[in-house]
Amino acid sequence: MAYSSKMMENYNVASIFVIENSQEIEEIKIDLANNGYDAIRIQEGFDLHGAFASSIQAQISARQEQYSKTMLATTAFNIAVDVYQGLVNLFRVTFENEREIMLELGLYGKREQSASGFITQSTHFYKTLLTKDKIYNRIAKFQITKEMLQADLQLVKDFEQANKDQEAAKGTFSKTTDLRDTAYQELRHWMREFEKVNKIIFKKKPYLLEQLRFKALSDITRYKKSSNNTTGDQTTAKAAKTETVTTVTTTTNNKTETIPVTPAPNNQESPTANNHE
């Protein structure tokens, strides 16, 4: 079941309002205590609400952290691919008639689009230039030093680490979302039972039942499947299976978060583009 962050936050506010009112309105408090909902039983509701409220904050923090890591990974990718693609374009022209060198540098064919593919392809390219002097000596005229190539290779490594960090943040976000949803289900179960009891106790005192505001809870959960129910939450199972860094949407368990992606230069498609839902 997909839950929106907005719905969760609204339920958080409405549920504590009900619980607090049940103890602040003396007549309600007395009647509840006489029917099994004493201070200990009510404290159960407060505790469940506290756990739910904490889980919401943890999930929001994890979402923000994932967004931050995703942006860092996107930036690292765009920097690394810009430098790499520029050299690829240059050497394709330089060695266009030298099949052996073209093969050794991996210059034939399309550039890899996945994160792991890009890392493998570009790392091979740089290491070949750094270790095979017969090829490196041919590019000396471009005033490209091995120190410069090593720095370019480091850009790829920086991207690789940033991508790992983003994937770790995605996992944390998914976990905190699951914990939030579990806390919500536990609180909602308690609130449903509490509402049933209140409807029985105050059947002849509807004005007291009205003061508890259970209707607000019902209105919130009734519209949980609205068109906004995926805003700010998770990534889809499809996204979880990809190796990419980022996309227009990060998703997990059918809950999505929109994230902008900076287009890669030189017609190189970002390994994150369009690979997530």
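**Pocket**

I took a cavity as a set of points, on a 1 Å grid over the protein atoms alone, where a 1.4 Å probe fits but cannot get out, and a pocket as an open set with protein on both sides within 12 Å along at least five of seven lines; lining residues have an atom within 4 Å of a point. This is a predicted model, in which local features need pLDDT of at least 70 and side-chain atom pairs count only at pLDDT 80 or more, while totals for chains, interfaces and linings use all residues. Residues are numbered from 1 along each chain as its sequence is written, and side-chain values use heavy atoms, with hydrogens and water left out.

I looked up the lining of the largest pocket and found Glu195, Lys199, Pro206, Leu209, Glu210, Arg213, Phe214, Lys215 and Ser218. Two or more lining residues each come from α7 (146-201), α8 (206-212) and α9 (214-222); helices are DSSP runs (H or I, at least four residues), numbered from the N terminus. I then sorted the lining into 3 nonpolar, 1 polar and 5 charged residues. Here Ala, Val, Leu, Ile, Met, Phe, Trp, Tyr, Cys and Pro count as nonpolar, Asp, Glu, Lys and Arg as charged, and the others, Gly among them, as polar. The space in the largest pocket comes to about 160 Å³, a volume being the space filled by probe spheres set on grid points joined across faces, edges and corners.

**Salt bridges**

I searched the whole structure for salt bridges (a side-chain nitrogen of Lys or Arg within 4 Å of a carboxyl oxygen of Asp or Glu). The search gave 14.

I checked arginine 41 and glutamate 44, whose side chains form a salt bridge at 3.8 Å, N to O. Both residues sit in helix α3 (residues 39-94), 3 residues apart, about one turn of the helix. For exposure I used buried for under 20% relative accessible area, exposed for over 50%, and partly exposed in between (1.4 Å probe, protein chains only). Arginine 41 is partly exposed at 31%, and glutamate 44 is partly exposed at 38%.

Next I looked at glutamate 104 and lysine 132, which meet at 2.4 Å, N to O. This pair links distant parts of the chain, 28 residues apart: glutamate 104 is in helix α4 (residues 99-105), and lysine 132 is in the loop between α5 (115-131) and α6 (133-136). Glutamate 104 counts as buried because its relative accessibility is 15%, whereas lysine 132, at 35%, counts as partly exposed. Shared partners join Glu100, Glu104, Lys132 and Lys134 into one salt-bridge network.

Last, I noted the salt bridge of aspartate 181 with arginine 180, with the closest N and O atoms 3.0 Å apart. Both of these residues are buried.
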